[in-house]
Amino acid sequence: MATLQDINIAILAVDGFEQVELTGPRDRLHEEGARTVVVSARTDPIQGMHHDKPGDKFPVDLTFLQASSEPDVFDALLLPGGVVNADEIRMQPKAQELVRACMDAGKPVAVICHGAWLLISAGVLKGRKMTSWPSLQDDLRNAGVQWVDEEVVVDGVLVSSRKPDDIPAFNDAFVQVLGKAVQGRAAK
């Protein structure tokens, strides 16, 4: 039974994202009934990666500019990693703006691997507990995060994981957080 009907999730990515960190969570979200939208810097298809080898190209639904003008349309964000993706996306002011708007509104945000660099650049992590790819731990600690080396960490509505091997636990945790958000919305 689909538990996330009518939930809209923005997936923020640019060229160089780790493909399985987008497709694994996206496919699980679709199984649960959620809708996903790929948001990027341009409308051109974006290049996925299998570590350091090119993967598939994925269509883009909206630009950061378009999405940041209407952040209320989205119920949550998904931030896949990939070093090239994470390094580029953190330099996109409209991506940072969208992240800040969603975090300020208390919407669920799920981030895996190097995707945390966008959250650091957006300045939204002070006082949080999370995990990431191990090489980001100093960056996260410098941003005020309590970094831990765990498969998945849930801090309120922030869900984080380290790597592709963690995707099953990451998916379960994100679906659970989204389910609570849906229940909270229904109770209002």
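**Reading the aromatic pairs and strands**

Colleague: Why is Phe174 called buried?

Modeller: In this predicted model, Phe174 has a relative accessible area of 1%. Buried means under 20%. So Phe174 counts as buried.

Colleague: And what makes Phe170 buried?

Modeller: The relative accessible area of Phe170 is 0%. The cut-off is under 20%. Phe170 therefore passes as buried.

Colleague: Where do Phe170 and Phe174 lie?

Modeller: Both are in helix H7, residues 167-187. They sit four residues apart, about one turn of the helix.

Colleague: How many aromatic pairs does the structure hold?

Modeller: Two.

Colleague: Why is the pair of Phe17 and Phe58 called edge-to-face?

Modeller: Their ring centres are 5.5 Å apart, and the planes meet at 70°. A pair needs centres within 6.5 Å, and edge-to-face needs planes over 60 degrees apart. Both conditions hold, so the pair is edge-to-face.

Colleague: What makes this pair a tie between separate parts of the sequence?

Modeller: Phe17 belongs to strand E2 (residues 17-18) and Phe58 to strand E5. The pair therefore ties together parts that are 41 residues apart in sequence. Phe17 and Phe58 are both buried.

Colleague: Why is the pair of Phe170 and Phe174 called stacked instead?

Modeller: Here the planes are at 25° and the centres 6.5 Å apart. Stacked means planes under 30 degrees apart. So this pair is stacked.

Colleague: Back to E5. What makes E4 and E5 a pair of strands?

Modeller: Strand E4 (residues 46-50) and strand E5 (residues 53-58) are joined by four bridges and run antiparallel. Pairing takes at least two bridges, so E4 and E5 pair. Ile46 has Phe58 as its bridge partner in E5. The two strands form a hairpin with two residues between them. In the turn, His51 has a positive phi of about 60°.

Colleague: How do you know that E8 pairs with E7 and with E12?

Modeller: Count bridges again. Strand E7 (residues 76-79) pairs with E8 over three bridges, in the parallel sense. E8 pairs with strand E12 (residues 158-161) over four, also parallel. At least two are needed. Leu79 has Val111 as its bridge partner in E8, and Val109 has Leu158 in E12.

Colleague: Which way do the residues of E8 point?

Modeller: Val109 and Val111 point one way, Ala110 and Ile112 the other, and all are buried.

Colleague: Last one. Why does Asn85 count as buried?

Modeller: Asn85 has 1% relative accessibility. The limit is under 20%, so Asn85 is buried. Asn85 lies in helix H3, residues 83-89. Among its contacts beyond four places in sequence are Asp15, Phe17 and Pro80.

Terms used
Residues are numbered from 1 along each chain as its sequence is written. This is a predicted model: local features need pLDDT of at least 70, side-chain atom pairs count only at pLDDT 80 or more; totals for chains, interfaces and linings use all residues. Side-chain values use heavy atoms; hydrogens and water are left out. Buried means under 20% relative accessible area, exposed over 50%, partly exposed in between (1.4 Å probe, protein chains only). Contact means heavy atoms within 4.5 Å. Rings of Phe, Tyr and Trp (its six-membered ring) pair if their centres lie within 6.5 Å; planes under 30 degrees apart count as stacked, over 60 as edge-to-face and the rest as tilted.
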